[in-house]
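Subject: Structure handover

Hello,

Please find the structure below. My notes on the ligand and its pocket follow.

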Amino acid sequence: MSLEPATVGAIVPAAGRGERFRGATPKALVPIRGRPLVQHALEAIHRVDEVVAIVVVGPAHVLDAMRELVAAARLDKVTAVIAGGADRQASVARGLEALPAAADLVLIHDGARPCVTPGLVRAVVAAAATAGAATAAVPIEDTVKRGEDGWVTSTLDRTQLYRVQTPQAFHRAVLERAHREALRSGFHGTDDAALVEQLGHPVRLVAGDAGNLKVTVPEDLAVAEALLGRGGGPADAVRVEQHAEAPAVDAAVVRDGDEIGRALLEQRADQVVRDSVQAESADRERRSARDVGDRFRARSDDFVHTSATSPTHAVRKPVLSLSKEQGGPKLPDGRGDIHPLCR
Ligand code: C5P
């Protein structure tokens, strides 16, 4: 089934207690570049024409503050600001109930990912309109192993592994069924795609953005600030425009800014970013994050042919193809490629 054009209702879960964030202020309201964290994601989603309604799910004790920020930022597509549940899944379920009936496609994006772009939202929405379910994801480039009791037990095939992000999008009927079934069976997933997978429904992979960082610990703020700092300039404008112009829209652009984020995130495991940021004063933190980004800057050529097997398909099929050899069009400034997807 395809929804053309889709009427999109967005849910922004931002009700996490932020335990790993260790702050008195709820994570969603921590200022970043002068605006509360959640506001960045809301503004990006708000700019997508297909989105007609946004439900914000927040911590019960700060709903008034959230409503105030929505009013002050004139986010007039926000139709409700409601209290979250015990876990993310419960928060999304509440958001789903609060979504206006007119929305036939549901976009879900974590409030903790402030660097999302309207272009990535559009790409995921377009893929979900056709496939019924879609998620942003980036290929894993580290070698991944299983371990037990301090010993390696096996090495996984990384060509079939992805780091999954939000935005995710679903036909509303599919998502509602997935949540009903999860509630009935007691299944708990850390994202909504997992619930849909439980139904046996295929989920399309859309090339995510390595700069689409999830702010989890305080040190991530400096990285997110650096990444958000890339916005507003001509490069960001090119990127958004390219997404808007892509005919079938299943495309994402990897450019300099993304590469900085990608490199930063991939080095996160060895604490390069965190160690350098922790050692600096607030002013020097921002410079430090950029420096680290430069040091580990990766080229878009690093993307390789990858394929994944949909759990619901007996036949292995390529669903995400990121190589330049696929012949994707170039950005006008020649700094990156538009990656063809989901062929
Ligand atoms: O905890 P996790 O990293 O999975 O959180 C992802 C998103 O889900 C965050 O934006 C967080 O605020 C939100 N969340 C929620 N309700 C909860 C727990 C998390 O809305 N009870």
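A polar contact here is a pair of N or O atoms within 3.5 Å; within protein, one must be able to donate a hydrogen and the other to accept it, and residues adjacent in sequence count only if both atoms are side-chain atoms. This is a predicted model, in which local features need pLDDT of at least 70 and side-chain atom pairs count only at pLDDT 80 or more, while totals for chains, interfaces and linings use all residues. Residues are numbered from 1 along each chain as its sequence is written, and side-chain values use heavy atoms, with hydrogens and water left out.

The ligand

Oxygen atoms of the ligand lie 3.3 Å from a backbone N or O atom of A112, 3.4 Å from one of G111 and 2.8 Å from one of G16. Taken alone the ligand exposes 460 Å², and the protein buries 84% of that (Shrake-Rupley method, 1.4 Å probe). Around the ligand are 14 residues (a heavy atom within 4 Å), of which P13, A15, G16, S91 and K214 come nearest.

A pocket is an open set of points on a 1 Å grid over the protein atoms alone, where a 1.4 Å probe fits, with protein on both sides within 12 Å along at least five of seven lines; lining residues have an atom within 4 Å of a point. Of the 38 lining residues, A15, G16, R17, R20 and R88 are closest to the centre of the largest pocket.

Regards
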